[in-house]
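Have a look at the sequence and the structure first, and then we can go through the details together.

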Amino acid sequence: MQHPDHLQPAESGPEWPPGWSVREVVETGSTNSDLLDRHLYLPDRSVLRTDHQTAGRGRLDRRWEAPPGSNLLASLLFRVVPSDPGELMRRVALAAVEAVRVVSGLEAALKWPNDVLLDDHKLAGLLAQRADDGSVVVGIGLNVGWAPEGAARLGGQAQPAGVLAALLESYDALPSDIQPLYRDRLATLGKRVRVELPLGAIVGTAVEVEGDGRLVVLDECAVTHRLSIGDVVHLRPA
Ligand code: BT5
């Protein structure tokens, strides 16, 4: 993998599972941006992990925060993309849930569309972005040693690189049809939710998630909404 000079390699980490080209650097702007910038020169399943991001990104130009060396900050490049590109993010999210169990023995869950929760608090966020040739970069920030107020972290003996190794291994162990597992891990299903959309909010019950990842919400006027974007808040039962 070719990298500019400012991407200095981080200290050597764990053994990586076969089939992934993992590169670690001490600091960069955003691992997602790096892979998007260089996707044409990188093989399928290239992974970039850093100890520190100076411009970590969430969705909609939000920031992703983490002090240096504390958390997992990594992106995975997929140049071979399934007909539903969104499946890649769902797979990485499921692999993250499994990695948390392997590394810490904790049961994490998913919040639609892109969060991993521990005890209902955000443990990780995922950001999927498409390159001009259709390649997909899925970034994950997972709180290992530090979390902002109101969020969750793994704590204990877990190390960011170890969580990544477990995530990549778990990714390869996922079944070809992930839908039953995804439904099972999706804490949003069955919950009362408020979904914030660009033009307003919907309050209702998340009744289903479709095979293409769309969330089906039945609102308080019994209108069904099929959503592909939105920010979800889990509400208490009415
Ligand atoms: C996300 O966005 O949750 C996607 C985060 C993806 C971050 C990874 S890190 C590696 C890769 N490279 C990048 O540049 N990005 C990816 P969103 O749903 O928009 O949530 C962002 C919001 O989460 C922020 O506005 C904060 O309120 C909150 N937040 C920021 N840092 C957090 C943290 N460490 N833990 C929990 N919440 C955080």
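By class, how many nonpolar, polar and charged residues does the shell around the ligand have? Keep in mind as you look that this is a predicted model. The shell has 12 polar residues, along with 9 nonpolar and 7 charged ones.

There are 28 residues around the ligand, and those that come nearest are Ser 30, Arg 57, Arg 62, Glu 65 and Lys 122.

Let us turn to individual atoms. Lys 122 places a polar side-chain atom 2.8 Å from an oxygen atom of the ligand. In the side chain of Asn 114, an N or O atom is 3.4 Å from a ligand oxygen atom. With Asn 32 the backbone takes part: one of its polar backbone atoms lies 3.5 Å from a nitrogen atom of the ligand.

How much of the ligand does the protein bury? The ligand taken alone exposes 800 Å², and the protein buries 87% of that.

## The pocket and its elements

The ligand takes up the space of the second largest pocket. Which elements give two or more residues to the shell around it? They are helix H1 (31-38) and the strands S3 (72-78), S6 (121-130) and S7 (136-142). Strand S6 provides the largest share of the shell, with 4 residues.

The model has a count of 3 aromatic pairs. One of them joins Trp 20 and Phe 78 in an edge-to-face arrangement, with 6.2 Å from centre to centre and 80° between the planes. This pair links distant parts of the chain, as its partners are 58 residues apart.

Pro 113 sits in the loop between strand S4 (109-111) and strand S5 (115-118).

The other detail concerns Leu 60, which has a positive phi of about 50° although it is not a glycine. Leu 60 lies in the loop between strand S2 (46-53) and strand S3.

Definitions and conventions. Residues are numbered from 1 along each chain as its sequence is written. This is a predicted model: local features need pLDDT of at least 70, side-chain atom pairs count only at pLDDT 80 or more; totals for chains, interfaces and linings use all residues. Side-chain values use heavy atoms; hydrogens and water are left out. A residue is near a molecule or strand if one of its heavy atoms lies within 4 Å of it. A polar contact is a pair of N or O atoms within 3.5 Å; within protein, one must be able to donate a hydrogen and the other to accept it, and residues adjacent in sequence count only if both atoms are side-chain atoms. Accessible areas come from the Shrake-Rupley method with a 1.4 Å probe; for residues, only the protein chains shown count as cover. On a 1 Å grid over the protein atoms alone, a cavity is a set of points where a 1.4 Å probe fits but cannot get out, and a pocket is an open set with protein on both sides within 12 Å along at least five of seven lines; lining residues have an atom within 4 Å of a point. A molecule sits in a cavity or pocket if more than half of its atoms lie within 2 Å of its grid points. Ala, Val, Leu, Ile, Met, Phe, Trp, Tyr, Cys and Pro count as nonpolar, Asp, Glu, Lys and Arg as charged, and the others, Gly among them, as polar. Rings of Phe, Tyr and Trp (its six-membered ring) pair if their centres lie within 6.5 Å; planes under 30 degrees apart count as stacked, over 60 as edge-to-face and the rest as tilted.
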